[in-house]
There are 2 protein chains.
Amino acid sequence: MARRATAQDVADLAGVSRSAVSLVLNGRGAGNISEEKQKAVRAAAAQLDYTPNAVALSLRSRRTRTLGVLTWPGVVGFSQTMLHRALRKAGEHSYLLLVMDTDDDAEVERRQLDTLRDRQVDGFLVVSPALAHYRPPEVLHSTPTVLLNCLDPDGAVSSVTPDEVQAGQRAAEVLLRHGHRRIGLLVGDPGSLQSRLRVAGVQQAATAAGVEPPQPVVAGRNIDDGARAARAVLSGPEPPTALVCTHERLAVGAALVAAELGLRVPQDLSLVSLEDGERLTSRLDPPMTTVHRPDGAMAEQAVGLLLERLGGASPEIRRMVFSCPLRERASVGCPGRAPGVLPRPR
Amino acid sequence: MARRATAQDVADLAGVSRSAVSLVLNGRGAGNISEEKQKAVRAAAAQLDYTPNAVALSLRSRRTRTLGVLTWPGVVGFSQTMLHRALRKAGEHSYLLLVMDTDDDAEVERRQLDTLRDRQVDGFLVVSPALAHYRPPEVLHSTPTVLLNCLDPDGAVSSVTPDEVQAGQRAAEVLLRHGHRRIGLLVGDPGSLQSRLRVAGVQQAATAAGVEPPQPVVAGRNIDDGARAARAVLSGPEPPTALVCTHERLAVGAALVAAELGLRVPQDLSLVSLEDGERLTSRLDPPMTTVHRPDGAMAEQAVGLLLERLGGASPEIRRMVFSCPLRERASVGCPGRAPGVLPRPR
DNA sequence: CTGAAAGCGCTTACAG
DNA sequence: CTGAAAGCGCTTACAG
């Protein structure tokens with residue numbers, strides 16, 4: 001990189017002192033520096049294409065305007081939307097993001113946290129691909145931190161999370177409303193907090209409607225997992241008239257099997273996905289009815305919270321829970337609408 | 001963040017000067033500092049949990065050990081794998097990544113480049129989600145820069161890219177080898193360099209084999225686009241016995257339509273995808289034969305190149321092109337293998 | 001109204 | 001063998 005102009009260069013060119021340059025360029029010239037010299041400073045700065053060295057600024061102010069982002073991508077990776085919107089929100093306030101990924105290894109995470117601390121990040125954003133509990137290590141307690149899509153079980157650190165129980169309820173409700181009584185439930189990652197909450201939501205809604213709560217069928221997280229599970233469920237006795245899938249790729253698998261079995265969606269089978277973040281389900285034919293996790297809004301809120309804290313807001317702990325709206329598309333119909341139509345034999 | 005110990009604190013505790021602390025901790029103690037004092041310094045550093053302030057280090061050394069990453073996610077986002085592996089490779093050399101995304105807006109990009117420059121990043125990595133031409137603005141010419149998955153048309157900046165023509169050839173060849181003569185070609189983004197090269201590869205392979213080169217059918221980039229195009233192509237007169245899709249989601253759409261039309265893969269229809277980065281096609285049933293773009297290796301190479309430059313290697317321009325291996329799975333068969341089997345009527 | 005000094009936290013010549 | 005000084009590039013009191 002070609003040597004860049006410093007405040008001293010500008011001062012020399014304008015014939016003033018370094019302090020004058022600083023004052024003028026930071027808008028504190030009026031009343032301190034003569035009009036004439038102010039002009040000279042501005043002209044010199046423009047001519048030399050001068051902008052202050054952020055590293056020097058950071059050393060002096062002891063703030064780097066940098067946020068450390070800790071994530072552990074897992075199979076599908078952490079939401080593109082979250083990263084995108086976090087980046088944007090931070091950028092609007094002249095903050096930058098230093099991204100790390102922990103490989104889901106505690107030892108790696110510890111090292112990375114140390115690195116980020118050495119780099120003097122002003123705050124931390126911990127983002128999980130799937131809703132989970134996360135117990136923040138010591139350093140995160142003494143530095144402004146917000147958890148995105150994860151929760152501190154001790155409630156000592158702020159978090160922004162989706163209401164996964166409600167998501168499950170909404171998926172079940174749209175089906176119930178259409179008259180479905182035999183609902184299949186395909187889940188991935190059954191041990192995860194995310195899946196447990198989603199399942200609970202589905203079951204609560206069913207119970208509330210006086211319908212036998214669907215038992216989760218453990219599938220997996222991928223298309224083929226979903227296909228396998230859907231095939232099993234749909235070819236059993238008394239097959240369900242509708243399927244709820246906790247993961248987007250599971251839902252794609254289910255759609256594939258429906259096509260393969262000659263089941264028309266939604267006439268012969270209704271489908272709902274509890275995810276649409278990868279824009280897979282919304283682009284199926286017919287486009288699938290989904291419950292949407294507002295990744296963008298959540299990320300913006302999380303960064304916003306962090307920025308408020310950094311701006312001097314009271315350090316009170318917030319736990320913000322976001323609603324997940326139902327996005328009705330075209331994959332839900334009424335069961336038995338076309339009683340004469342039988343599934344085509346395979 | 002609690003006030004952290006500085007070299008001065010360590011010096012005070014150990015009863016030596018600040019310089020002694022620096023010398024000892026940077027391994028230049030031997031021959032300069034007495035054994036005894038070295039021990040005292042190390043003990044004090046450990047006791048205070050001292051690590052140097054990276055910002056101060058950066059100011060002094062005029063290197064931040066930070067790489068600026070410029071990307072423009074687009075619809076599908078830039079490869080998770082690329083980010084992951086770039087992060088890892090950089091981390092191994094104590095470099096961190098400052099990620100920005102340009103929203104595909106030249107004005108935004110200019111501003112972000114300025115920001116990154118002010119932050120004194122040591123080098124730039126420009127990463128494109130799809131192979132494209134990228135004309136680096138001035139500042140990237142005067143700072144170590146590597147283009148990942150994009151190419152400087154003027155050849156003035158180093159780049160790491162996949163061989164997309166070869167990718168197209170390999171997809172066509174596996175089909176040709178199995179005896180296919182009527183091959184359909186579904187493309188997304190027909191104007192993009194990526195698609196043009198992929199199409200050229202497919203056509204070259206066909207021509208070389210004495211087969212009429214397939215004409216690209218413009219579909220789009222999503223599942224429903226692929227479904228629509230596949231449906232049209234497959235229900236025309238003399239439908240192809242195999243389909244090549246330039247984009248992964250197109251391939252998913254094609255698989256969906258195959259299921260819907262009762263076409264068995266690979267007995268009735270063979271399918272090849274020119275992408276498998278989202279782990280969609282590889283998880284279909286049957287798993288699809290694909291051409292694999294080595295995102296991880298490319299990202300590692302790109303960061304490696306940048307690091308070498310930063311380490312003082314000669315500033316020669318490198319244009320590294322990566323081979324894209326064929327991953328044979330189960331979606332390619334021989335045409336007419338089961339002549340008695342006719343597609344089921346819709 | 002303006003310039004010289006101090007200091008953020010480091011490391012590296014340079015005296016002693 | 002060790003400490004005092006200079007300097008990376010900035011801004012903010014502080015003298016004049």
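Modeller: This is a predicted model. Chain B is superposed on chain A by a rotation of 180° with 0.0 Å of shift along its axis, at an RMSD of 0.1 Å.

Biologist: What makes the relation between the two copies a two-fold one?

Modeller: The rotation is 180° and the shift along its axis is 0.0 Å; the two copies are thus related as by a two-fold rotation axis. The same surface serves both copies, as 98% of the contact residues of chain B recur in chain A.

Biologist: Which residues come nearest to DNA strand D?

Modeller: There are 22 residues around DNA strand D, and A7(A), R18(A), S19(B), S34(B) and R60(B) come nearest.

Biologist: Why is the approach of S22(A) to DNA strand D called a polar contact?

Modeller: A polar contact requires a pair of N or O atoms within 3.5 Å. An N or O atom in the side chain of S22(A) is 3.0 Å from a phosphate oxygen of DNA strand D, so the pair meets that cut-off. With S34(B), a polar backbone atom is 2.3 Å from a phosphate oxygen of DNA strand D.

Biologist: Which elements give two or more residues to the surface near DNA strand D?

Modeller: Chain A provides helix 2 (18-25) and helix 4 (54-61), and chain B provides helix 4 (54-61). By class, that surface has 10 polar, seven nonpolar and five charged residues.

How values were computed
Residues numbered from 1 in each chain as written. Chains lettered and ligands numbered in written order. Predicted model: local features only at pLDDT ≥ 70, side-chain atom pairs only at ≥ 80, totals over all residues. Heavy atoms only, no water. Least-squares fit on C-alpha atoms with pLDDT ≥ 70 in both. Contact = heavy atoms within 4.5 Å. Near = heavy atom within 4 Å. Polar contact = N/O pair within 3.5 Å; in protein donor to acceptor, adjacent residues only side chain to side chain. Helix = DSSP H or I, 4+ residues; strand = E, 2+ residues; numbered from the N terminus. Nonpolar A, V, L, I, M, F, W, Y, C, P; charged D, E, K, R; others polar.
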